[in-house]
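Please look through the sequence and the structure below, and then follow the paragraphs that come after them. They take up some charged side chains and then turn to the strands.

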Amino acid sequence: MTQVKQKIRYFYDAVTRRTVSAMLLCTLTVLLFAYLGNSRNIFIIVDDNKMSLHQTYTADAMLALHEAGVTLGSNDLVELPANPVSGAAQVVIVRSHEVTVRADGKAVSLASRGETVGSVLEKAGVNVGVRDEVTPDPSSPTVEGMEIVVSRVNVSTVTVEEDIPFETVKKASIYINKGTENVKQTGKTGKRLSTYSVELRNGKEVERKLVSQQVVSQPVNALIEYGSGGTITTKDGTVLKYKRVIDVKATAYTTEGYADKTNALGRVARPGTIAVDPRVIPMRSKVYVTSQNAKGWVYGTAVCEDTGGAIKGNIVDLFFGTRAECWNFGRRSARVYILE
């Protein structure tokens, strides 16, 4: 009997390790039953990954399971012998467990009996596209409480019209007042057609890649001049700061031979005073007048105190003491520096 017990133990261990096929298991059991001369039936119960033996006088497999304390769930699958048992038989139980499938904004709970994730999705009627992502992997076996998530991935191509922003270019100018700006050219936005590859995950955009671009119209930069002012050095080395430069035509006048020698401000006209158009150069402005050629003539510093009927726009009238000086000066191009 010791040898028999050793054989039974070896047999049970082999079953537990699932290294003996069900056919061989039944055959060995029958041989053991005959060897022992026992009149009871033997049921080999394969319950998922566990195996056990149950001896009973009943021939009913379901009753044998009840005797063995095996409880079945409503979704468990049981493979029973086709006929009443006389001797030995195998009962296979495949346990079901609940898994949740999340796809297309819905969650569905299903019973699974050891199928793969892919099989459960088929049973749930969930079609998986080529780009769709499934977690866990479709080849993975299901386990109790598993959540199977299907992420819908859609890639499409879209073409949109986009603005090309213009740049604002600023340029210093001595011809406008220091601290002021003048818009020389208004900026204009350009246009381009951009084609993107857009990836949507469950209807939400997660990635956008530029495929190509086509310029429809180039942008036009805005050009702004700003008054920079500057300095000019006189012949005697004096440095004068100016806020604006005006290029003008210069004429000459004098009060020689006239009884009235006062200017528009009621002051005595004298060298170092000039007549201007107040709309161009404000009265009482301090200026420096010279030729437009840096190496040419110089009138020097002056104060704008007079006006004249012929002095309109970019024209200045320089005062000289004599008519001879006026005739000698004539009419010339001049540059007026309006001093700070």
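In this predicted model, Lys209 is partly exposed, with a relative accessible area of 48%, and its partner in a salt bridge is Glu207, the closest N and O atoms lying 3.9 Å apart. Glu207 is likewise partly exposed, at a relative accessible area of 34%. Salt bridges that share partners also join Asp47, Asp76 and Arg95 into one network. In general, side chains of opposite charge can pair when their charged atoms come close.

Another salt bridge joins Glu199 to Arg201, whose closest N and O atoms are 3.1 Å apart; here Glu199 counts as buried at 17% relative accessibility, whereas Arg201 is partly exposed at 25%. The structure holds 18 salt bridges.

Asp47, a member of the network described above, also belongs to strand 1, which covers residues 41–47 and has 7 of its 7 residues buried. From this strand Asn41, Phe43, Ile45 and Asp47 point one way, while Ile42, Ile44 and Val46 point the other way. Strand 1 pairs in the antiparallel sense with strand 2, residues 50–56, over 7 bridges, and in this pairing Val46 stands opposite Met51. The hairpin of these two strands has 2 residues between them, and Asp48 takes a positive phi near 55 degrees there. Strand 1 is also joined by 6 bridges to strand 4, residues 88–94, and these two run parallel, with Ile45 standing opposite Val91.

A further group of 4 strands forms an open sheet in the order 6-5-8-7, with mixed pairing. Strand 6 (106–112) and strand 7 (133–135) stand at the edges and have a single partner strand each, so one side of each is left without a neighbour in the sheet. Neighbouring strands of this sheet are turned by 20 degrees against each other on average, with direction ignored.

Notes. Residues numbered from 1 in each chain as written. Predicted model: local features only at pLDDT ≥ 70, side-chain atom pairs only at ≥ 80, totals over all residues. Heavy atoms only, no water. Pairing = 2+ DSSP bridges. Axes fitted to C-alpha atoms, helices over the stretch in contact; angles between N-to-C directions. Buried < 20%, exposed > 50% of the residue type's maximum accessible area, 1.4 Å probe, protein only. Salt bridge = Lys/Arg side-chain N within 4 Å of Asp/Glu carboxyl O.
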